[in-house]
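I opened the model to look up its charged pairs. The entries below follow the order in which I checked them.

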Amino acid sequence: MSNSLNLANINISHLTRNTMPSQQSKASTSLLSHEDKASSNNNPSFGSIPQSASENEEPKEGSATNNNDSPVSENTPFEFLDVHEKSGEASDVELFSDLTVVVSIHMLSDLLTDGDEVGDLNFSVDVDGASANARVWCWFILRVFYIYALWVQYMEVANLHNLYSTTTQRADVIFYSIIFGFMAILVVISKACEKDHHRHVAYVYLFGRLLGLAVIIAQSYSPYAAVSMDTAQYQFLRKYTAIMPKYFLWECAPLILALCFSGYYDNGNDENDDSLILWGGLTMVALRLIIRTIIGWKCDSSNLYDEWDGKLSNTAHTQERYKLITLIFLGELCFSSTSVPGNYYLSLSALVTAMGCFLIYFLARVEGRVEPWNRSALCNLQCHTTHFVIFCLVPIMGVGYVEIMKENNEDDDNDYDEDLVDYIEKRWYHYPHAILSISAGLFLFSIGHLEMMTKDPEQPVQLKRRLRVLMYLTMGLVLAGIQFLSEDAATYVPIVIVGTGLVLIWGVQKSV
């Protein structure tokens, strides 16, 4: 691995375009060491890699050379880029696509408070409203997963594209077209969800996943990848993309089967048809978690994570993308209750809650700690799953504030059947204060899970990692359970969140 990283650090600005075919057989490549030349000559995939110059030519003035002192011309469109060279830097088009992801999930959360929906949280339901409302929450989780899984796949496309840079516009135009196509898929999914076209949403999701998978596989066969990567990195990329279709089929099999058989068992009832798609989709979510856990264990047991992190992944870049989306979600939480007319108190409560979440997620961090993204393959994959949960919870907290505001506005003007309201209120997911309280508690649980996978540096801090994790779990239980004792979540949720954040910020300071 050290050999490949040393090769990756070589700054090769250009390779010649006009090398004669007779000279290519004698030329030394800028990507292969002396030991790799023999194997590359027997490998057709490397035989087409452009060569630099013949061995008899002297290096031109101003040209770069590799570790083997082979000359490199300045006319090639390729250059080496270490996988960690641009750590944490996201391009403008990546930031643009991240914003569309947040807006799409925000639109899905708005559907939870739409008064025209059968599962509306404002009790505008029929006698079977309780079960209908539970289905709405399940659909919300599945739809967020659709968007999240697509975003993760196209983030892999961006990571592979960032492994090399070009001076030609062709690769960038193709990359931009792919990202814009991903954004168009999000628009179609959001519109189909608004109309409850569940089958159409599933088809568009599968199409988007297949398209992203095809792009990743095509990237592994691209001449850009072959030229800009060293031998070990390129071979690992080919192995990685070779197993991706198998895992895609395993993960999406429940949804595919649900789409195939739902039409045979609907009996003329669209609800039965949708139920099969819903449970097939939720099974897919669970199967993704199981598969990724197994992959993480296998990678850690065979020490493949270091190779993957050094060759195909930029964990700092991935972490930066997740931070950005979480930051935008918290920004939306600040103004969640302003969409409904009401008093200033609830709006300020939402703002304080968002500020507390910001303190916990961004500032309550031990300086110099080992992030879970970098600790192991299992921890890295668990980070992805935990952030999916966070992407669900923060919008749900906003839904809780919106519903509390509506509840306060309708206290004196409620025309619902009292027996029906009493029946529905027995379920927590119909009760706005419980929605806000439990979602905030689960948010602390999620951050505690992330904290549990970190590793503190040798320098001692005020609170050890175990104590910090215990505090996250304890305060999460307090928030989830206090809703049975108090009906004023808008008061105690921001107090607990901000108080927890301030204590943990003190706890991560270095002890004297």
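Predicted model: local features only at pLDDT ≥ 70, side-chain atom pairs only at ≥ 80, totals over all residues.

Residues are numbered from 1 along each chain as its sequence is written, and side-chain values use heavy atoms, with hydrogens and water left out.

I then checked the partner: Asp98 and Arg321 form a salt bridge, 2.7 Å from N to O (a side-chain nitrogen of Lys or Arg within 4 Å of a carboxyl oxygen of Asp or Glu). Asp98 sits in helix H5 and Arg321 in helix H13, 223 residues apart (helices are DSSP runs of H or I, at least four residues, numbered from the N terminus). Arg321 is also buried, at 2%.

I searched the whole structure and noted 12 salt bridges. One of them joins Glu251 to Arg209, with the closest N and O atoms 3.0 Å apart. Glu251 is in helix H10 and Arg209 in helix H8, so this pair ties together parts 42 residues apart in sequence. Glu251 is buried at 8%, and Arg209 is buried at 6%.

I next took Arg468 and Asp456, whose salt bridge spans 2.9 Å from N to O. Arg468 is buried at 1%, whereas Asp456 is partly exposed at 22%. Both belong to a salt-bridge network that also links Arg365, Arg369, Glu371 and Glu451.

Terms used
Helix = DSSP H or I, 4+ residues; strand = E, 2+ residues; numbered from the N terminus. Buried < 20%, exposed > 50% of the residue type's maximum accessible area, 1.4 Å probe, protein only.
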